[in-house]
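Visitor: I would like to learn how to read a fold, one feature at a time. Where do we begin?

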Amino acid sequence: RAAGTGAPPPGHPGIDATGAPPPGLPPVPEGAGTGDAALAWKVPAGWIVEKPASTMRRAQYKVPGKAGDGECVVFYFGPGQGGDPMSNAQRWAEMFTTADGSSAASTMKTSELEVGGLKVFLVEVAGTYSGGMTMTAAPPKPMPGYRLLGAVAPGPDANWYFKFTGPDATVNAQRDAFTSMVKSLKHGAS
């Protein structure tokens with residue numbers, strides 16, 4: 001934290017172009033995704049910063065769309081946590097089913113993108129999504145016609161996970177915005 005300000009350190013994840021952190025951002029433990037361990041990025045125009053719904057989330061954005069809102073969440077678990085990129089891609093793909101009810105894992109697309117010396121792993125999958133969290137013991141309601149764009153980026157000490165889900169039309173309309181956010185990734189202070 002900046003001395004005496006109570007504000008997150010410069011370069012804290014999700015700090016916008018004005019340098020303001022998202023409202024309600026939970027405190028980040030020292031040495032866990034802060035300073036030299038942090039990744040910084042530019043929040044796409046029109047995306048709404050929200051208070052993260054859990055302590056696992058480092059940033060959370062509502063992504064407005066005519067077909068329904070999407071959500072982009074950023075996770076950071078710390079050194080040795082969170083798993084490798086392909087394991088996460090497989091897990092995310094298992095949250096989707098195809099029209100015949102089978103897993104959408106076989107339709108998942110993956111690629112890599114070089115961003116300022118970082119090798120970012122990208123994943124995309126579509127179908128009926130049943131991976132949303134609920135605040136009750138009830139399972140999440142299946143949502144047909146959904147899409148996920150994901151990215152796993154190596155931070156200095158651990159991977160960072162970017163998961164953008166929403167109605168197919170919303171995600172497709174915001175594809176360039178998500179890609180520009182991923183392409184803006186960099187280590188440490190912005």
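This is a predicted model: local features need pLDDT of at least 70, side-chain atom pairs count only at pLDDT 80 or more; totals for chains, interfaces and linings use all residues.

Visitor: How are the buried residues of helix 1 arranged, seen down the axis?

Guide: First the general idea. An α-helix has 3.6 residues a turn, so residues three or four places apart point the same way. Now the case here. The buried residues of helix 1 fall within an arc of 135°, so they line one face of the helix.

Visitor: What covers the buried residues of helix 1?

Guide: The cover includes strand 5 (96-97), strand 7, strand 8 and strand 9.

Visitor: And what happens at the start of helix 1?

Guide: Look at Asp84. One of its side-chain oxygens comes to within 3.1 Å of the backbone nitrogen of Met86.

Visitor: Let us step back. How many helices and strands does the chain have?

Guide: The chain has three helices and 10 strands. Their order along the sequence is β-β-β-β-α-β-β-β-β-β-α-α-β.

Visitor: What share of the chain is buried?

Guide: Of the 190 residues, 44% are buried. The chain exposes about 9,300 Å², and carbon and sulfur atoms supply 57% of that area.

Visitor: What do contacts say about sequence separation?

Guide: Take the contacts with a separation of 6 or more. Residues 24 or more positions apart account for 56% of them. Leu39 and Lys186 lie 147 residues apart along the chain, yet their C-alpha atoms are separated by 5.6 Å.

Visitor: Where does Leu39 sit, and is it buried or exposed?

Guide: Leu39 belongs to strand 1 (residues 39-40). Its relative accessibility is 0%, so Leu39 counts as buried.

Visitor: Now the strands. Which strands pair with strand 3?

Guide: Strand 2 (residues 48-50) pairs with strand 3 in the antiparallel sense, over three bridges. Within that pairing, Glu50 has Gln60 as its bridge partner. Strand 4 also pairs antiparallel with strand 3, over six bridges. There, Val63 is bridged to Gly70.

Visitor: How are these strands connected?

Guide: By hairpins. Six residues link strand 2 to strand 3. Six residues also lie between strand 3 and strand 4, and in that turn Gly68 has a positive phi of about 125°.

Visitor: Is strand 3 mostly covered or mostly open?

Guide: Mostly covered. Six of the seven residues in strand 3 are buried.

Visitor: What about strand 8 and its partners?

Guide: Strand 7 and strand 8 pair antiparallel over eight bridges. Leu122 stands opposite Ala151 of strand 8. On to strand 9: nine bridges join it to strand 8, again antiparallel. Ala151 stands opposite Phe162 of strand 9. The hairpin between strand 8 and strand 9 has four residues between the strands.

Visitor: How should I read the core?

Guide: The general idea comes first. In soluble globular proteins, nonpolar side chains tend to be buried together. In this model, the largest nonpolar core has 25 residues. Those with the most contacts inside it are Trp41, Trp47, Phe162, Phe178 and Leu185. Two or more residues come from each of strand 3 (57-63), strand 4 (70-76), strand 7 (118-129), strand 8 (143-154), strand 9 (159-167) and helix 3 (175-183). Helix 3 gives the largest share, four residues.

Visitor: What is Trp47 in contact with?

Guide: Leave aside its neighbours within four places in sequence. Trp47 is then in contact with Tyr61, Lys62, Val63, Cys72, Phe164, Gln174, Ala177, Phe178 and Met181.

Visitor: Which residues does the second core include?

Guide: That separate core has 18 residues, including Ala89, Trp92, Ala93 and Val123. Ala89, Trp92 and Ala93 are among the buried residues of helix 1.

Visitor: Which side chain makes a polar contact with Glu124?

Guide: That of Arg147, at 2.6 Å. Beyond four places in sequence, Glu124 touches Thr107, Met108, Lys109, Arg147, Leu148, Leu149 and Arg175.

Notes. Residues are numbered from 1 along each chain as its sequence is written. Side-chain values use heavy atoms; hydrogens and water are left out. A nonpolar core is a set of buried Ala, Val, Leu, Ile, Met, Phe, Trp, Tyr and Cys residues joined through side-chain atoms within 4.5 Å. Buried means under 20% relative accessible area, exposed over 50%, partly exposed in between (1.4 Å probe, protein chains only). Contact means heavy atoms within 4.5 Å. The arc is that of the directions from the helix axis to the C-beta atoms. A polar contact is a pair of N or O atoms within 3.5 Å; within protein, one must be able to donate a hydrogen and the other to accept it, and residues adjacent in sequence count only if both atoms are side-chain atoms. Two strands pair if DSSP finds at least two bridges between them. Accessible areas come from the Shrake-Rupley method with a 1.4 Å probe; for residues, only the protein chains shown count as cover.
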